[in-house]
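Thanks for coming. I have one structure to go through today, and I will keep it short. Please look at the screen.

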Amino acid sequence: MKRAKGKILWADDEIEHLKSHLMFLEERGFSVTGVANADDAIGLLRKERFDLVLLDEMMPGKDGIQALQEIKQIAPGLPVIMVTKSEEENLMEEAIGGQIDDYLTKPVNPSQILSSCKRILEKQRISREKIARDYTAEFGEITAMLDGEMTPSRWIDLHLRLSEREIELDGHPDLGLGQTLQDQRRECNLAFGKYIESEYIKWMRGGDRPVLSVDVLKHSVAPHLEAGGHVLLILIDNLRLDQWLTLEPLVYDFYNVSRDYYFSILPTATPYSRNAVFSGLFPSELDALYPDLYRKGDADELSRNRYEHQMLVLQLEKLNIRLKPEPKYVKIMNAEEARQVENSIASY
């Protein structure tokens, strides 16, 4: 049995009068389900997977705009074509903003609908095929990289490529490549562990090393302060690269983004790696130079990060950077504290 080119859900209160349109699409290889109201459409979307929704803007009860919001909550990546009686400016804005993928003005003819459906669904197919093709080629490249000489910059490149590919494949679970990627990730993790076992002691003995936790402020913050700039340093515990890659597009409209990378010291546990960032010192150095500061938190692991503000000031002084007033330090542990910072940040 020939596979349908795409599974389409069409919601329109006049669906009975659109039978010829549905038949036209089915004759062209699409699977089409018609419903007469938004609630039925949303109910079907909760139970079945569709590739595209045709949505009438004006329906009794819940209209198309209201239904659109619920559809995007159920399936954020599901393409939607809005069918409207007039070319209103707000629909153009919705299309530009990405909420809808296209809109058609009534009366619609079968050729218009076919053209719009093919354009959206073919784009998805081409995108899926490209992702599968690219990863298949990249799989071999990554395997070859592991067989060659690895350097810190090559490990960063490899980790970035795997993270970007994970995000792409999350959006296309039907490709069936997720397990292959996870297997390759595990292989890379094992190889990276062996690499760190081999190289870390050399880095500690003063060999050529990448940027480590202890170098972050000197490398990324101090140059801006020395140039007279203002710096907002946000340190987020346990934020993986793939998580940042998902968040990064949210700030494109407000900032020019560039990425630098560093390697965490060992142990990577928060009391050690965070203190290394704020102090610029390895745990043994911090313990030797500031025993009172460091050992005050020995009672429990969480309290070992109580003195980050003092460590930050001491590191800046060591770098000959004296700020007046002293740098503002805020630690956010929950959503309420985040809201308080948001409300008062203009005063900092």
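I will start with a proline. Pro267 is partly exposed, with a relative accessible area of 40%. Keep in mind that this is a predicted model.

Where does Pro267 sit? Pro267 lies in the loop that connects α9, residues 241-247, with α10, residues 270-279. Leaving aside residues up to four places away in sequence, Pro267 touches Tyr272 and Ser273. There is another proline to mention here: Pro283 is 16 residues from Pro267 in sequence, and the C-alpha to C-alpha separation of the two is 9.2 Å.

Next, a helix. Which residues of α8 are buried? This helix covers residues 216-226, and its buried residues are Val216, Leu217, Val221, Ala222 and Leu225. Looking down the axis of α8, these buried residues fall within an arc of 115 degrees, so they line one face of the helix. What covers them includes α10 and α13, the latter being residues 308-318. After α8 comes Gly228, and the phi of Gly228 is positive, near 85 degrees.

Last, the cysteines. How many disulfides does the structure hold? The count is zero. As for individual cysteines, Cys117 is buried, with a relative accessible area of 0%. Cys188 is buried as well, at a relative accessible area of 3%. For anyone asking about the cut-off, buried here means under 20% relative accessible area.

That is the end of my part.

Definitions and conventions
Residues are numbered from 1 along each chain as its sequence is written. This is a predicted model: local features need pLDDT of at least 70, side-chain atom pairs count only at pLDDT 80 or more; totals for chains, interfaces and linings use all residues. Side-chain values use heavy atoms; hydrogens and water are left out. A disulfide is a pair of cysteine sulfur atoms within 2.5 Å. Buried means under 20% relative accessible area, exposed over 50%, partly exposed in between (1.4 Å probe, protein chains only). Helices (H or I, at least four residues) and strands (E, at least two) are DSSP runs, numbered from the N terminus. Contact means heavy atoms within 4.5 Å. The arc is that of the directions from the helix axis to the C-beta atoms.
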